[in-house]
Amino acid sequence: MNQTAAAHATVEKTVSGQPHKGKVFVAVHAHLDDVPYFAAGLCAKLIAEGYTGYLVRTTNDEHSGGGTNAHNILSSEQEHANMAAALGFKDVFELYYRKDRMEEISKVDLRGRLMLIYRMLKADTVISFHPDQPGQHADHLITGHVAAEAASLCATPAENWEHVEAGFAARPVYERYYFSTSADAPFNRVVDIGPHIEKKIDAIAECKSQGGGNLGSQLRARLTGQGKRLPLLGNDDRTADREYIRRFLLDPYRDFAKPHNLQYAERFFYVDDRPPSRTKVDEYVSKNAVRV
């Protein structure tokens, strides 16, 4: 872990009440288990604070699930809907690009689709992959880069002008949280997810086609077949899955939390492009303008 970055990162804690009521965020990920692992705590926190959340998945996850492509697409879509419901998202958008084939797509096409979603939903905040972090899976890198680009261009009426003609006004998306997908990934914000860890566990538990959401029930069944029992896993599959996740899959988020005396944390590279309320020009004019 980069201790210097951890020492200088801003710690974001849950705020009581609903200070963000009326605001909208859009979380854009590539695969079923991306948001559950990288940002479920943040999403649950923002929704608890009044945001309305929407979830976009760019790929169809056709290669995850152990069945035919058609079976995998269906099962992952069902799990995606269940996961979104567990976190409190209002709606889900499926874009259905082929998993592990996003290098072949038109980035301009994806950018236009995301801009339409941002404008239609009147998004204030976007959550996605870091657009420039090296070493990411290609689906992650492309999704993050285009999600950020769409947010940057969303306020320009000449970009995809047909959206404006259709009644979806061009609007800025100033605030972004970029996932920290590995221990050495850049970050400047640490989000305290301790109050929302049960929601994160619920979300991961829905990721059975990928993401290890059913590893606990699988272990419980295997031990039963051997005439054994692990008390940690309880007496039913749901308990087994949730407690397995809690005990074995949350170590990174405990590690991210330790330097800040928190129980669990997620890390992000946070960007806020809101213009200052008073610019250098405003200050200069105020000090130097004379009456004529």
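The following legends describe close-up views of a predicted model.

**View 1. The largest nonpolar core of the model has 49 residues.** Within this core, Phe25 and Ile127 have the most contacts. Helix α3, which spans residues 40–48, supplies the largest share of the core, namely six residues. Apart from this core lies another one, of 25 residues, including Leu95, Ile105, Val126 and Ile142. In soluble globular proteins, nonpolar side chains tend to be buried together.

**View 2. Isoleucine 127 is shown with the residues that it touches.** When residues up to four places away in sequence are not counted, Ile127 touches Phe25, Val26, Ala27 and Val28, as well as Ala39, Leu42, Cys43 and Leu46. Tyr177 and Phe179 are also touched by Ile127.

**View 3. Tyrosine 54 and phenylalanine 93 form one of the ten aromatic pairs found in the whole structure.** The ring centres of Tyr54 and Phe93 are 6.4 Å apart and the ring planes stand at 45 degrees, so the pair is tilted. This pair links distant parts of the chain, with Tyr54 in strand β3 (residues 52–59) and Phe93 in strand β4 (residues 91–97), 39 residues apart. Both Tyr54 and Phe93 are buried. Elsewhere, ring pairs link Phe25, Tyr51 and Phe89 into a cluster.

**View 4. Phenylalanine 187 occupies the loop between β6 (175–179) and β7 (189–192).** Phe187 counts as buried because its relative accessibility is 7%, under the 20% cut-off. Although Phe187 and alanine 9 are 178 residues apart in sequence, their C-alpha atoms are 7.3 Å apart in space.

**View 5. Leucine 250 lies in the loop between α10 (237–249) and α11 (251–257).** With a relative accessibility of 0%, Leu250 counts as buried. Neighbours within four places in sequence aside, Leu250 is in contact with Ile197, Lys200, Ile201, Ile204, Ile245 and Tyr264. The C-alpha atoms of Leu250 and aspartate 192 are separated by 14 Å, and these two residues are 58 residues apart along the chain.

**View 6. Asparagine 214 is placed in the loop between α8 (197–205) and α9 (215–225).** Asn214 has a relative accessible area of 17% and is therefore buried. Leaving aside neighbours within four places in sequence, Asn214 contacts Lys208 and Asp241.

**View 7. Lysine 200 lies over the face of tyrosine 253, and arginine 267 has its charged end over the ring of phenylalanine 256.** Lys200 is 4.2 Å from the ring centre of Tyr253. For Arg267, the charged end is 4.0 Å from the centre of the Phe256 ring.

Key. Residues numbered from 1 in each chain as written. Predicted model: local features only at pLDDT ≥ 70, side-chain atom pairs only at ≥ 80, totals over all residues. Heavy atoms only, no water. Core = buried A, V, L, I, M, F, W, Y, C linked by side-chain atoms within 4.5 Å. Buried < 20%, exposed > 50% of the residue type's maximum accessible area, 1.4 Å probe, protein only. Helix = DSSP H or I, 4+ residues; strand = E, 2+ residues; numbered from the N terminus. Contact = heavy atoms within 4.5 Å. Phe/Tyr/Trp six-rings, centres within 6.5 Å; stacked < 30°, edge-to-face > 60°. Lys NZ or Arg CZ within 6 Å of the ring centre and 35° of its normal.
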